[in-house]
Amino acid sequence: MIDAASGHLTDEDFTDLLIDSSGNPGSVSHLAQCSHCQSEQRIFLSAVEDFSTTSLAWTRSKIATSPLVIKKKSFLQSLWLPVGLAFATVALLAVVLPAWHDGHVPINPAPGVAVTSDDSASVIAQDNQLLESVSIALSTEDNIPLSEYHLPPRQHGGANGRMELRNR
Amino acid sequence: MIQLGQEVSAISELEDIEAVMGLYRARIQRYVAFSIGDDDLAETITQECFLKAYRSRDTFRGDCTVSTWLFGIANNLIKDRIRRKKFHFWRKAGATAVDASEMASFLPSNEASPERRLLAKERLEQVNAALDTLSVNQRKIFILRFSEGLDLSEISSSTGMPVNTVKTHLYRAVTAVRSKLGVTS
């Protein structure tokens, strides 16, 4: 419908035309021959087109500068979490269980090494005997090795004697 | 309705999610960013959108284009955000709102004179300012119609709104933008 006062499309018709270009045939035919309405349409469409182009370029620039974090990867990575936890649990058990086991169960001897209570008693007896002989040897008063050099008996000069020797 | 060959092509296309993202990510993110007015949240929603699309790719029947289907998923995510009130928190924070003057630096450089560029910048800011005054639904529909070039039935299908509701929202949005541009009768 044409506005009687202005001779151009009404706001409603104009908006209808912008929303759906195949709208009212009367509006379409008026637009085809009215330069004023064409100009209005051009202003709107060029502004919207600039907005679309610019906003898309702006969004692309945002995407280019932001790290490409694809959730799909995070999802796949999340699949590794249970596996990782399982490995960590196994590793923890491998450390903790032997330690716990040591505290509760006597250590088994290594294969081929037969440790019996008799053997350990005889070894202990041998060790004791050896230690005893060493102790005896250390406690025996042997001749002082210096006597073998036949040195004169030591004079008890005390500090003065040492001073005399030093002053010479 | 697309043909069987196209449908199979579209479904197999969805298998390569990174290629799909390469094709549609900017459009989806732009759509979400200007619908909700938050750049950072738009990035999160966009990534959720592609993840959801990948997980539910078997449900894509091919009775619409991939982009319409993706816009539909993005719409549902936006609705979820609004329902869970998270959106309001982010809106109040307002730290990452879309910056119109920053966006103006991406204007096409084919404007002949500085005056033309200045006019284009001014109109860009006017459109952006007009969108700010609209509701989320009005903005969504405006962008789908004028930036994505979807027709009314496609918008209806991706937003889940009846065509008449789409028309009503679009009417208000166009009126607001025309008013800002100063081209009302």
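Which residue of chain B forms a salt bridge with A:Glu40, and how far apart are the closest N and O atoms?

**View 1. The salt bridge of A:Glu40.** A:Glu40 forms a salt bridge with B:Arg178, the closest N and O atoms being 2.9 Å apart. The pair crosses between chains, from helix α3 of chain A to helix α10 of chain B. A salt bridge here is a side-chain nitrogen of Lys or Arg within 4 Å of a carboxyl oxygen of Asp or Glu. This is a predicted model, in which local features need pLDDT of at least 70 and side-chain atom pairs count only at pLDDT 80 or more, whereas totals for chains, interfaces and linings use all residues. Residues are numbered from 1 along each chain as its sequence is written, chains are lettered from A and ligands numbered from 1 in the order in which they are written, and side-chain values use heavy atoms, with hydrogens and water left out.

**View 2. The packing of α3(A) against α10(B).** Helix α3(A) and helix α10 (residues 163-181) of chain B pack at an angle of about 105°, with their axes 11 Å apart. The two helices are therefore roughly perpendicular to each other, a term that covers angles of 65 to 115 degrees. Axes are lines fitted to C-alpha atoms, for helices over the stretch in contact, and angles run from 0 to 180 degrees between N-to-C directions. Helices (H or I, at least four residues) are DSSP runs, numbered from the N terminus. In contact (heavy atoms within 4.5 Å), A:Glu40, A:Ile43, A:Phe44 and A:Ala47 meet B:Val174, B:Val177, B:Arg178 and B:Leu181. By class, this contact has six nonpolar, no polar and two charged residues. Ala, Val, Leu, Ile, Met, Phe, Trp, Tyr, Cys and Pro count as nonpolar, Asp, Glu, Lys and Arg as charged, and the others, Gly among them, as polar.

**View 3. The interface of chain A and chain B.** The contact takes 38 residues from chain A and 45 residues from chain B. Together the chains bury about 4,000 Å², 66% of it on carbon and sulfur atoms; buried area is the accessible area (1.4 Å probe) that two parts lose on being put together, summed over both. A:Ile19, A:Phe51 and A:Trp58 supply 20% of the area that chain A buries against chain B.

**View 4. The salt bridge of B:Asp39.** B:Asp39 forms a salt bridge with A:Lys62, the closest N and O atoms being 3.4 Å apart. Between chain A and chain B the count is three salt bridges.

Conventions. Parallel < 35°, antiparallel > 145°, perpendicular 65-115°, else oblique.
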